[in-house]
Amino acid sequence: MTVDSVNSEARQNTEEPQDPPVAGGAVPLLGHSLKLARDPLAFMCRLRDHGDVVRLRLGPKTVYAVTTPALTGAVALSPDYIISGPLWETLEGLLGKEGVATANGPLHRRQRRTVQPAFRRDAIPAYGPVMEEEAHALTERWSSGRPVDCTLEAFRIAVRVSARCLLRGPYMDERAERLGSALSTVFRGMYRRMVLPLGPLYRLPFPANREFNRALADLHRLVDEIIAGRRASGRNPDDLLTALLTAEDDNGEPIGEQEIHDQVVAILTAGGETVATTIMWLLQTLANHPEHADRIRAEVESVTGGKPVAFDDVRRLTHTNNVIVETMRLRPSVWVLTRRAVTDTELGGRRIPAGADIIYSPYAVQRDPRSYPDHLEFDPDRWLPHRAEDVPKHAMSPFGVGNRKCPADHFSMALLSLFTAAVATRFRLEQVAGSDDSPRVGITLRPRGLLVRPVPR
Ligand code: HEM
């Protein structure tokens, strides 16, 4: 279904678009804020019971929530909605205004043209050796069988792989660790600042504020060091960093230093956090569904003949891939997205005024019983081709759709498959005492504190 068809269907139903209903449960002054803050995942899932488009009252502000797959697709595909609103303003304020993840219009189009070649499908095999090396190095480290802090390990591999593949250079090895820990603290603090915009209080010298400021400063310093190091090396390898350093604006002039800096920050933050949190959920899946871990192991062995899994094997690992997709369905790293309407428009016959903030949740859409039979059941076989064709369009988009779709979807899937295959063939995982795999909601969704013991097979 296209944007036009969604809107024209709406027009047939009613001449004048109507205001969307206000979701039930609002209280005076605070509206839905407390409900959203208390249990954001359940709250977003319940909105579908109130309508396809509903209004939320968050204190004095009205926000428009979109709850169906077709309408979330319509929002993502329409030029009437741009990247703006509280989520993006917080990101911009702290991470920079000139990166691809927050830019709009011609600047965004030019920046996508610069970053896209590094992520093209035919560019991915060149990253295979680094992905293999990192996945096997991790399984070597785990062979002692000591419990593993999944948050640390997931950030380590996510940042090391992105940095080594895209910002190539030996100097990355030692910095990847610092980047991982800075990112983790920065994302936690950014979410707090977004949901509790207490302005000046974040400038007071509380330990949490000091830790956040240190991590943010370290992130920006690291990026400066990476750029300076590359320039000092006199090398121009064929990678994303070279593409950024040699990029030109629409007048053919070199882009400014601030844009180069913000672009590297955008790539590292967008890539580090999402891959790390998805890896955490995959480790939870392997621990909680040993029957699927065993099937992955059998599949990998039948493909590799018992050799360590390699990049070239990945496209034949069907069940491994289905386990990853099903994990992303139930635990999407990017659980919520927002846009802002730039003009008066309509969605599903409901009036959306210019300037309205729109919110939608891949988490809620991917758990909708109208799209998925046994919607809460972990069932990787629902992604077998004959069953997957029943899934409605836009009901499963963990990488987004439209012009803001993640450029790194193939890159990420290759890494996730290699990682999952390497871990499941060598270990059975079990959660240990003190592990907490309940979801922690932040800018991304991750387990609160997953600890697993890798038991060698
Ligand atoms: C955008 C998810 C990995 C870089 C996005 C969006 C989603 C997403 C949902 C679209 C946001 C929107 O519609 O507003 C994911 C997931 C990943 C992943 C689930 C891994 C499991 C990566 C990696 C990188 C990356 C590895 C880079 C190294 C970006 C960038 C954007 C983006 C730069 C902004 C694109 C734009 O606005 O044009 N990602 N991502 N992502 N992602 Fe990813």
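1. Helices (H or I, at least four residues) and strands (E, at least two) are DSSP runs, numbered from the N terminus. This is a predicted model: local features need pLDDT of at least 70, side-chain atom pairs count only at pLDDT 80 or more, and totals for chains, interfaces and linings use all residues. Residues are numbered from 1 along each chain as its sequence is written, and side-chain values use heavy atoms, with hydrogens and water left out.

2. Backbone first. L29 sits in the loop between α1 (3-13) and α2 (33-38). Its phi is near 70°, a positive value in a residue other than glycine. Accessibility classes are as follows: buried is under 20% relative accessible area, exposed is over 50%, and partly exposed is in between (1.4 Å probe, protein chains only). L29 is exposed, at 80%. D374 also has a positive phi, about 45°, and is not a glycine. D374 lies in the loop between α15 (362-365) and α16 (385-388), and counts as exposed at 54% relative accessibility. For context, most residues other than glycine have a negative phi.

3. Now the ligand. A residue is near a molecule if one of its heavy atoms lies within 4 Å of it. There are 28 residues around the ligand, and H108, R112, R339, R404 and C406 come nearest. Polar contacts are pairs of N or O atoms within 3.5 Å; within protein, one must be able to donate a hydrogen and the other to accept it, and residues adjacent in sequence count only if both atoms are side-chain atoms. A polar side-chain atom of R339 lies 2.8 Å from a ligand oxygen. For R404, a polar side-chain atom is 2.9 Å from an oxygen atom of the ligand. V100 uses a polar backbone atom, 3.5 Å from a ligand oxygen.

4. Which elements give two or more residues to the shell around the ligand? They are α6 (105-119), α8 (150-166), α12 (257-288), β5 (337-341) and α17 (409-426). α12 gives the most, with six residues. By class, the shell has 17 nonpolar, eight polar and three charged residues. Here Ala, Val, Leu, Ile, Met, Phe, Trp, Tyr, Cys and Pro count as nonpolar, Asp, Glu, Lys and Arg as charged, and the others, Gly among them, as polar.

5. Salt bridges need a side-chain nitrogen of Lys or Arg within 4 Å of a carboxyl oxygen of Asp or Glu. The count comes to 33. R426 pairs with E140, the closest N and O atoms being 2.8 Å apart. R426 lies in helix α17 and E140 in helix α7 (residues 128-141), so the pair ties together parts 286 residues apart in sequence. R426 is partly exposed, at 31%.

6. R141 forms a salt bridge with E153 at 3.1 Å between the closest N and O atoms. This one joins helix α7 to helix α8, with R141 and E153 12 residues apart in sequence. R141 is partly exposed at 38%, whereas E153 is buried at 8%.

7. R448 and D436 meet in a salt bridge at 4.0 Å, N to O. R448 is in strand β11 (residues 445-449) and D436 in strand β10 (residues 436-441). R448 is partly exposed at 46%, and D436 is partly exposed at 30%. Elsewhere, K61, E89, R340 and D357 are linked in a network of salt bridges.
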